[in-house]
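Me: I would like to learn how to read a model of this kind, feature by feature. Please give the general idea each time, then the case at hand.

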Amino acid sequence: MKTLLPGHRPELEKAIDQAVGKVFEELPVYEIDTNPKTCPEAILQVLAYSFNVDISGLEEDSARRLVEGALMMNRRKGTAYAVEKAIKAFLPESELIEHGDDPFRFSIRLEFVLGDKFDEDIYSHLLKTLEKTKNERSHLKNIECIMPTEKADITKSVGVIFTI
């Protein structure tokens, strides 16, 4: 059996490597789906952990969008692109608004479509994700929420000013 351990490692480590290696040789690793769009929910949790993303309490489609964009958000952390990607993970029709006259301040426009769910948990999750992705000197100035003409599924008011 092949090993990645250097030759100078203790015999105990070599024995453990041999035992674990036999188990992994029989495991069909090529069958594990790691695509956030299609993978099983258990794998999605592992992917979220590996990308340092918290998806607890999110609906499955929001969690999948967040994990899908996590690699780019981590690579471009601190940029407007990363913040916009984070916002769109929660509500795909939303956008980031940068204020040229007010440096290091930004607003977000959350645009709801019929059937979107938005409650205190999602709101606090959005704010935590924004804090992790934005740079230190930038601050969220305003949240504008645009509702559809028909009633959306917004379960609680979370202190956000809604404009229609």
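The dialogue below goes from the overall fold to helices, single residues and backbone angles.

Me: What should I know before reading any values?

Reply: This is a predicted model, in which local features need pLDDT of at least 70, side-chain atom pairs count only at pLDDT 80 or more, and totals for chains, interfaces and linings use all residues. Residues are numbered from 1 along each chain as its sequence is written, and side-chain values use heavy atoms, with hydrogens and water left out.

Me: How many helices and strands does the protein have, and what pattern do they follow along the sequence?

Reply: Helices (H or I, at least four residues) and strands (E, at least two) are DSSP runs, numbered from the N terminus. Here there are five helices and six strands. Their order along the sequence is α-α-α-α-β-β-β-α-β-β-β.

Me: What percentage of the residues of the protein count as buried?

Reply: Buried means under 20% relative accessible area, exposed over 50%, and partly exposed in between (1.4 Å probe, protein chains only). By that rule, 30% of the 164 residues count as buried. Accessible areas come from the Shrake-Rupley method with a 1.4 Å probe, and for residues only the protein chains shown count as cover. The protein exposes about 10800 Å², of which carbon and sulfur atoms supply 54%.

Me: Which share of the contacts joins residues at least 24 apart?

Reply: Contact means heavy atoms within 4.5 Å. Among contacts between residues at least 6 apart in sequence, 48% join residues at least 24 apart.

Me: How do I check the length of a helix, say H5?

Reply: The expected span is 1.5 Å times one less than the number of residues. Helix H5 covers residues 120-133, and its 14 residues should span 20 Å; the end C-alpha atoms are 20 Å apart, so the two agree.

Me: Which residues of H5 are buried, and where do they lie around the axis?

Reply: An α-helix has 3.6 residues a turn, so residues three or four places apart point the same way. In H5 the buried residues are Ile122, Tyr123, His125, Leu126, Thr129, Leu130 and Thr133. They cover an arc of only 165° around the axis, so they are on the same side of H5; the arc is that of the directions from the helix axis to the C-beta atoms. Asp121 and Glu131 are exposed on the other side of H5. The partners of the buried residues are H3, helix H4 (80-90), S2, strand S3 (117-118) and strand S4 (139-146).

Me: Which residues of H4 are buried, and what covers them?

Reply: The buried residues of H4 are Ala82, Val83, Ala86, Ile87, Ala89 and Phe90. Down the axis of H4 they fall within an arc of 155°, so they line one face of the helix. Their cover includes H3, S1, S2 and H5.

Me: What does Ala82 touch?

Reply: Ala82 is buried, with a relative accessible area of 0%. Leaving aside neighbours within four places in sequence, Ala82 is in contact with Met73, Arg76, Lys77 and Thr133. Ala82 and Ala70 are twelve residues apart in sequence, and their C-alpha atoms are 8.8 Å apart.

Me: Where does Ala70 lie, and what does it touch?

Reply: Ala70 is in helix H3 and counts as buried at 1% relative accessibility. Not counting residues up to four places away in sequence, Ala70 touches Phe51 and Val53. Ser62 also lies in helix H3; at 9% relative accessibility Ser62 counts as buried. With the residues up to four places away again not counted, Ser62 touches Ala89 and Phe90.

Me: Over which ring does the charged end of Arg76 sit?

Reply: A charge sits over a ring if NZ of Lys or CZ of Arg is within 6 Å of the ring centre and within 35 degrees of the ring normal. The charged end of Arg76 sits over the ring of Tyr81, 4.7 Å from its centre.

Me: What is the phi of Asn52, and what is that of Phe104?

Reply: Most residues other than glycine have a negative phi. Asn52 has a positive phi, near 60°, and Phe104 has one of about 65°. Asn52 is in the loop between helix H2 (41-50) and helix H3 (60-75), and is exposed with a relative accessible area of 52%. Phe104 lies in the loop between strand S1 (95-98) and strand S2 (105-111), and counts as partly exposed at 42% relative accessibility.
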